[in-house]
Amino acid sequence: MSDTSDQTVVETPHGAGKSDMIVLEGVEKIYPGSTQPAVSQLDLAIPQGDIVMLIGPSGCGKTTTLKMINRLIEPTSGRILLDGKDVTHVNGDQLRREIGYVIQQGGLFPHFSIADNIGVVPKMLGWDKQRIRERADELLHLVGLEPSVFRDRYPRQLSGGQQQRIGVARALAADPPVMLMDEPFGAIDPITRDRLQDEFLEIQRTVGKTIAFVTHDLQEAVKLGDKIAVFATGRLEQYDDPDTILTRPANEFVSDFVGGGAAVRRLSLVELAHLELHPIETDERAVGGHNGTAVAEVDGSGKPVSWRHLPGGDAAGMPLVTVPISGSVYDAVDVMLDGCASIVAVVDEEGRAQGVLHWNDLLGGLRTRERHS
Amino acid sequence: MNYLDYLASNSQQILFLTQAHFLVVLIAVGVGSAISIALGLALSTGEPDPPRLSFDWFAAGIREGGLVFTAALLTVPSLALFALFLPFTGLGVTTAVVVLTIYTLYTVLRNTVAGLTTVDRAVLESARGLGYSRIRRLLTIQLPLAWPVILNGIRVTTLISISIAVVGAVVQGPGLGILLINGISRIGAANSFYQVLTGTLFCLVVAAVFEIFFAIVQRLTVPRGIRV
Amino acid sequence: MSAPAAPVVGPTDVEPEEEEKTQSTFARLWFQHYDLVILPAIIVLVLGFLLIYVSTRELDTIEQRVLAPANVFGLLRQHLLLAALSTILVLIIAVPVGILLSRRAARRVQGPVLAIGGFAQALPPFGVLLLMAFAFDFGVTTAVIGLTLAALLPVLRNTVIGLQQVDQSLIEAARGMGMSSRQTLFRVELPLAVPVIVAGLRVALVLNVGTATLASYIGAGGLGELVQQALRLNRINVLLVAGGIIAAVALLIDWLAGVAERVVVARSG
C-alpha cells in the first residue's frame, strides 16, 4: 500500500508510519462560467484510519473538495488516488459504491424501510438477501438502535438524530475503507450532536475507517479530527493536527479563523487520563489530616460524596463535583464552573475517585503537563 | 312521465352511453398519461438548475417549452379542437379520443415534472453519493417519490376529460354528450329535458367511478413510507 | 379546463458558489419572460396557415357568406360580450365568497367546498349551459347565466386555494402588531391576495371563452355558430377556419390575461 505519491504531498508531518489512503494531487475545480477556481492546485493526503476535518468559511471549497474525492463533482484537473489507485477516470457510480457517504440531512430514502435504506449499497453490489438483512441488523446494533424495533420503520418515523445514525449505518453497509461525511451533524440540536459525536468516535474506534469530514464547527473539528485542513477560498491554508492548528496557526487567516477562543478550545484536546492528577484519599483509609492531600467521604459503593479535608481550604464550604476520567480538561472546567467549585474529583467508570484537579492547575501547571500527552 | 320513469325506461341506453363515456375517457387518459409520464421522465434532469448548454439544459428547455405548449392547448376551446381535427380524423370515436388525449397532456406532464424535480435534494444527493446511476435514481428514487403527485395529476385530468368528452358528441363521438345533443335539438319534445339532465348528471357518476378507482390505485401503488 | 397553476419551484439551498452575472435590463426581461413570445408566435403561425389555406381554395357562395368578415366579426363581438359579462359576474360572486370562506369562522366549510369544487370539474359546462335553456329561454341572458354558473365553482376553488397559500406568518405578524381582523384583511390579506384574484380572472376568462363557443347551441351566437354552420353545411373549409379563429381568440385572450397576471405579480412583489 505504500505509494510514491507521498513525496508530492506538501504537509504530512504526522503521516509517517501510515500509508495514505486518499491522495489529492494538484486537484483543481473551476465551475463552468466562472473564472475563479473553487479549489485551486490542492495537494492533500489522508493517512489510512485517520479522520481529517475539512473546515473553513462557506464557499471556501471544502465541500467541493470532499465531493471531488468520490467524483460527485468532477475535478477540472489533477489526480485523485484511492489506496494508491488512480480513480480520476474510473466509472463514478462504481467508485461511489465503494466509498461511504453521509450528508447533512441524512438523505434517507423516505419510501424505503430502515433496513432497505441500510441495504442499498449491498443490494447494488449483489449481496444475497439474507446477508443484507444480517448486515443491517449488525449495523443497527453498532449505531445503538435496536434492530427489532427499527428495522421495518420508515425514515419519517425517526427523530433527526436517529435518522443521522441510520445515515452513518448506511454509509458503513458495504464496509467501505473510506467514508466521506458532509456536515453530518450540522442540522442537529447541540445536545444530540454532542452525543452523536461521541458515538461516532466510539464507532470509529471499532471500524477504523479513513474519513474525510466537512464541518464549519471548529469545536467539532477539534473534537473529532486526527487532522484538520483549514480552507480559504479554494486554497488549503494549513493541514495539521488540531493542537498545532490551535497553538501554531500557519498564517493570519488560520489564526483569525481559529479566533480568540483557541485557548479554551485547546482544553478539550487535553484528556484527563493523560494528566498527572493530585492524589485523593478517601475517609475509609485516611484518618488524620494530611495537609497536602484532599480527603473525601465516600458512600457505600465507594463514590465520593463530600469533602472532609482540602489542602489549605475550607472543606465544608466546597461542594464536591466529579468528572469522568474519560473526559477532557474542558469538561472538568465546565463542571467546576457549573458547581461553583475550585476543585474537582476525577472519577473512573465505577465512580471511584482517581485524583483531583485544582482550578489553579489550569493557570500554572497544565501547560507543562500537557506535553506529556 | 317523471324522471325516475324516464331513467327506468331508458336504462339500457343510459348505461350504454355511460359505459362508452367511461371508456373514451379511460383510453384518452391512459394514452395521454403514458405519453406525458414518458416525456417527463425522458426530459427529467434530476437537478432543478442544470448548467448552461449541457444536455440537461436542453432537456430542461424542451420540458419548459412542452409545458407552455400543452398549457396553451388546454386553453383552446374543445369545440375548436374537435373542428380542427374533424377533417383529418373524421366523424366519430377517433376524433373524440385524439382531442381528449391532447387535453390530458398538460396536467400530467406538469405534475410529472413537478413531482420529479421537487424530490428532496438531500435524497438525490445521497443516492448519487451511494453510487446510484442516473437511470436507477430516476426509476427507483424519483419516480416512486413523485408518484403521488403524478397520480393526482392523472386524477384531475380525468375529471376534466369527463366534462370535455360530452362536447365530442358534436363530432359524433361516443358517450353522454349524445344525450345532450339529442335533448337540445328536440327541445320542447317529450323527455328532452330529462335527456340533457341525465347527460349532465351521469358525468358525475362516471367521475365517482373513477374516484373510487383512483383511491384504490393510490392505496396499492403509493409506497408505505410516504403515504399520508 | 383547469387553471394553469403556479409552477412548482424546487428548494434552492445551494452553496453560493455560482457566479452572478449582471445583465442588461433587456436581457434580464427577456430571460424572465421569453416564454411570453411563444404563444403569439403560435397564434400568428396558425392564423397565417389558415389565411394561406383559404386563399388557395375556391370558396363556394355558401362558404363565402359564412366566412364574410362582417359575419365573423359580428360573431366574435357576441362571443367576447358573452365571455366578458359572465367573467365579470363570476368574479363579483366567486371572489367575495372565496374571501369569506377563507375567514377563520368559515374554515370548517372550506374543506367540503374544495372537495365539491374539485369533483365538480367533471360536471360538463356544456350540460349546465343547455339545462339553463330549459329553465329560462334561448338567448344571450340565459347563456350568460349558464356560463357564470359553470365557471363559478372552479374559480371559487382557485380563489380559496390561492388565499390559503397567502403567507400565514405575515397575517400572524399583523395580528401580533395589534391590527384588528378587519385591518388585517384590508391592509395585509387582500393586497397579498391580489395575484390570486387576478389568477381567478384568468381562469374565469379561459373557461368562459371556451364555454361561450357552445352558446350557439342555445341560440346565443358566438364563434361556435361558425362551427355549427360548417357542420350543418358540411363545409370542411369553414370548419378549419372556424376552429382556427376560435383557437386563436382563446389563446390571445389567455395570453393577455397571462401578461396582466405577470404585471400584477411583479408589482405586488
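Trainee: What makes E11(A) and strand E12 (residues 294–298) of chain A a pair, and in which sense do they run?

Mentor: In this predicted model, E11(A) and E12(A) are joined over 3 bridges in the parallel sense. Pairing requires at least two bridges, so the two strands count as paired. One bridge links A:Ile280 to its partner A:Ala294 in E12(A).

Trainee: Why are strand E11 (280–282) and strand E13 (304–309) of chain A called edge strands?

Mentor: The open sheet has 3 strands in the order E11-E12-E13 in chain A, with mixed pairing. E11(A) and E13(A) each pair on one side only, and are the edge strands. With direction ignored, neighbouring strands of this sheet are turned by 40 degrees against each other on average.

Trainee: How do you know whether helix H8 (residues 177–185) of chain B and helix H6 (residues 125–135) of chain C are roughly parallel or roughly antiparallel?

Mentor: Their axes come within 11 Å and cross at roughly 20 degrees. Angles under 35 degrees count as roughly parallel, so H8(B) is roughly parallel to H6(C). The crossing is left-handed.

Trainee: Which residues of H8(B) and H6(C) meet, and how many are nonpolar, polar or charged?

Mentor: B:Leu180, B:Gly183 and B:Ile184 in H8(B) meet C:Phe126, C:Gly127, C:Leu130 and C:Ala133 in H6(C). By class, this contact has 5 nonpolar, 2 polar and no charged residues.

Notes. Residues are numbered from 1 along each chain as its sequence is written. Chains are lettered from A and ligands numbered from 1 in the order in which they are written. This is a predicted model: local features need pLDDT of at least 70, side-chain atom pairs count only at pLDDT 80 or more; totals for chains, interfaces and linings use all residues. Axes are lines fitted to C-alpha atoms, for helices over the stretch in contact, and angles run from 0 to 180 degrees between N-to-C directions. Helices (H or I, at least four residues) and strands (E, at least two) are DSSP runs, numbered from the N terminus. Angles under 35 degrees count as roughly parallel, over 145 as roughly antiparallel, 65 to 115 as roughly perpendicular and the rest as oblique. A crossing is left-handed if the near helix is turned anticlockwise from the far one by less than a right angle, and right-handed if clockwise. Two residues are in contact if their C-beta atoms, placed from the backbone, lie within 7 Å. Ala, Val, Leu, Ile, Met, Phe, Trp, Tyr, Cys and Pro count as nonpolar, Asp, Glu, Lys and Arg as charged, and the others, Gly among them, as polar.
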